[in-house]
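I have set out below my notes on the structure you sent for comment. Please read them alongside the sequence and the coordinates.

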Amino acid sequence: MTDTPIDWAAARRTVYEAGLAAKLLPVRYPIAQADGATLAEPLRTLTPLPAFRTSSVDGYAVRGTGPWRLAGRVLAGGEAGDIREGTAIEIATGAMVPDGTERIIRVEHSTVLNGLVDCESLPTTNADIREIGEEAALGEELLPEGHRITPGVIGLAASCGHDLISVRPKPRAALLIFGDELAVTGPPGHGRVRDALGPSLPSMLSHAGADPIPGFRPRGPIDDTLEAHVSALRAALDDADIVCTTGGTMRGPVDHLHPALAELGASYVVNTVAVRPGFPMLVAGLPGGRFVVGLPGNPQSSIVAVVSLVLPLLAGLAGREFPTTSTVELAADVPGRGDYTHLALVRLVAGRAEPLPHAGSAMLRGLAAADGFAIIPPGRSGTAGTHVGFVRIPA
Ligand SMILES: Nc1nc2c(c(=O)[nH]1)N[C@H]1C(S)=C(S)[C@@H](COP(=O)(O)OP(=O)(O)OC[C@H]3O[C@@H](n4cnc5c(N)ncnc54)[C@H](O)[C@@H]3O)O[C@H]1N2
Ligand code: MOO
């Protein structure tokens, strides 16, 4: 039986929508553990930012005309009271500004003699005072739902008072390597190729935003029997939101992925994509919102399937925006692949995309040097100096 490949851009959109329809339920995370998860609701500040008037310099808070009588000191962390007419209060960077302060004089612009503070010229503005709510008003939305949580977001959440935040976690991923002809150690030879995907895909999936399930190790190579495939898939699906498999995506005599998916009651979200290399890739959905992503066995094709299917699926499951592609200028011509989208390995040099040699689907030499793929649409070829789409390889 033949499967009709669907357009690459349409496949990415279809897979994203399927992920979004099954997006993971929100959970409350301590902020320090939320890196890489996704905001499940807008991040709002619990206080105005800053929450109180703050000095941005070391110096003296003053009121009235100088010289001012030195009447006290307020340090960061302390509660400031009022300041009286004609007095100065020594103030530290980050300290609360006393009520009634008219100006802050920087320490380097001031003199103190016999308990009197003076300065050559009074600052004309209060640029050294951070006003309440200058950065954000109480309750203001700082970031929208669906925003990816980075260390910067964690810092912001802490600064505005959060201890726990509501997130969609990173989708949990498992990996099954199919093909019991693969050697898992030592040099290839005697008909056996070395498994290149088992050691490399777990980190790539992590870089792509998935969460390695506890003890995340590729299971495999799995025996070339239908029973072994079905039971390996069942076990992986118990723990993971997305199970990636490698190899066996065709319908050859020992390709058991399709019959195993049928046995599990899976339904195809996409089944073969009009992209070269990599076309026999697939995503299948299972009851309960879990997914199997079938990556082709040829190693480079497998990575094409990661950027084509895994990235949009993870974005959907996490409730993020659709992962759009960017553009690059081609440094050299790139051939088209007829009715198929061509994903051509490139590295970025001085802002331009240089096509790489050793780009056969069974090769990894070009891939190892690449930053991503230039996207040559169906029916077109890429011409040096023109702009084309670009998708980065997670790394
Ligand atoms: N009659 C046809 N045969 C093939 C076609 C086709 O259109 N008609 N398409 C080819 C394309 S394109 C691809 S891609 C592969 C995809 O097939 P599978 O996903 O079923 O992959 P396998 O047959 O299991 O393996 C293909 C190839 O890759 C090597 N391999 C597999 N796993 C690994 C691994 N973990 N590390 C390194 N290399 C791996 C495997 O030894 C094979 O050489 O089908 C083509 N055939
Ligand atoms: O499309 Mo295949 O994936 O050329 O190797």
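The points that follow take up domains, core, sheets, ligand surroundings and local backbone features in turn.

1. The model is a predicted one. The protein is divided into four parts: domain 1 (6-24 + 170-317), domain 2 (29-48 + 146-168), domain 3 (54-130) and domain 4 (326-392). The centres of domain 3 and domain 4, taken over C-alpha atoms, are separated by 61 Å.

2. The largest nonpolar core has 74 residues, and those touching the most other members are Leu176, Cys244, Val283, Val293, Val310, Leu313 and Ala374. Helix 6 (residues 299-317) makes the greatest contribution to this core, with twelve residues. The core lies between domain 1 (6-24 + 170-317) and domain 4 (326-392), because both give residues to it.

3. An open sheet of six strands runs in the order 9-6-8-7-11-10, with mixed pairing. Strand 9 (103-106) and strand 10 (110-113) are its edges; each has a single partner strand, so one side of each is left without a neighbour in the sheet. On average, neighbouring strands of this sheet are turned by 40 degrees against each other, direction ignored.

4. Ser110 has Cys119 of strand 11 as its bridge partner. The loop between strand 10 and strand 11 holds Asn114, whose phi is near 50 degrees, a positive value in a residue other than glycine. Asn114 counts as exposed because it has 7 C-beta neighbours inside 10 Å.

5. Three strands form another open sheet, in the order 2-14-3 and with antiparallel pairing. Strand 2 (27-30) and strand 3 (38-39) stand at the edges with a single partner strand each, so one side of each lacks a neighbour in the sheet. Strand 3 pairs with strand 14 (residues 164-168) over two bridges in the antiparallel sense, and the bridge partner of Leu39 in strand 14 is Val167.

6. Strand 20 (residues 273-276) pairs with strand 1 (residues 6-7) in the parallel sense over two bridges, with Asp7 opposite Ala274 of strand 20. Strand 20 also pairs in the parallel sense, over two bridges, with strand 24 (residues 341-349); here Thr341 of strand 24 is the bridge partner of Val275.

7. The loops on either side of strand 20 deserve attention. Is Thr272 buried or exposed? Thr272 is buried, because 21 other C-beta atoms lie within 10 Å. Thr272 is placed in the loop between strand 19 (267-271) and strand 20, and its phi is near 75 degrees, a positive value in a residue other than glycine. The loop between strand 20 and strand 21 (282-286) contains Pro277, and the peptide bond from Arg276 to Pro277 is cis, with omega near -10 degrees.

8. Arg276 and Pro277 are also among the residues around ligand 2, together with Gly278, Phe279, Pro296, Asn298, Ser301 and Ser361. This shell divides into three nonpolar, four polar and one charged residue.

9. Around ligand 1 there are 22 residues, of which Leu197, Gly247, Thr249, Pro296 and Gly297 come nearest. By class, the shell of ligand 1 has eleven nonpolar, nine polar and two charged residues.

10. A further cis peptide bond runs from Leu49 to Pro50, with omega near -10 degrees. Pro50 lies in the loop between strand 4 (43-44) and strand 5 (54-55).

Notes
Residues numbered from 1 in each chain as written. Chains lettered and ligands numbered in written order. Predicted model: local features only at pLDDT ≥ 70, side-chain atom pairs only at ≥ 80, totals over all residues. Near = placed C-beta within 6 Å. Nonpolar A, V, L, I, M, F, W, Y, C, P; charged D, E, K, R; others polar. Pairing = 2+ DSSP bridges. Helix = DSSP H or I, 4+ residues; strand = E, 2+ residues; numbered from the N terminus. Axes fitted to C-alpha atoms, helices over the stretch in contact; angles between N-to-C directions. Core = buried A, V, L, I, M, F, W, Y, C linked by C-beta atoms within 7 Å. Buried ≥ 20, exposed ≤ 12 C-beta atoms within 10 Å, placed from the backbone. Domains from an automatic or database assignment.
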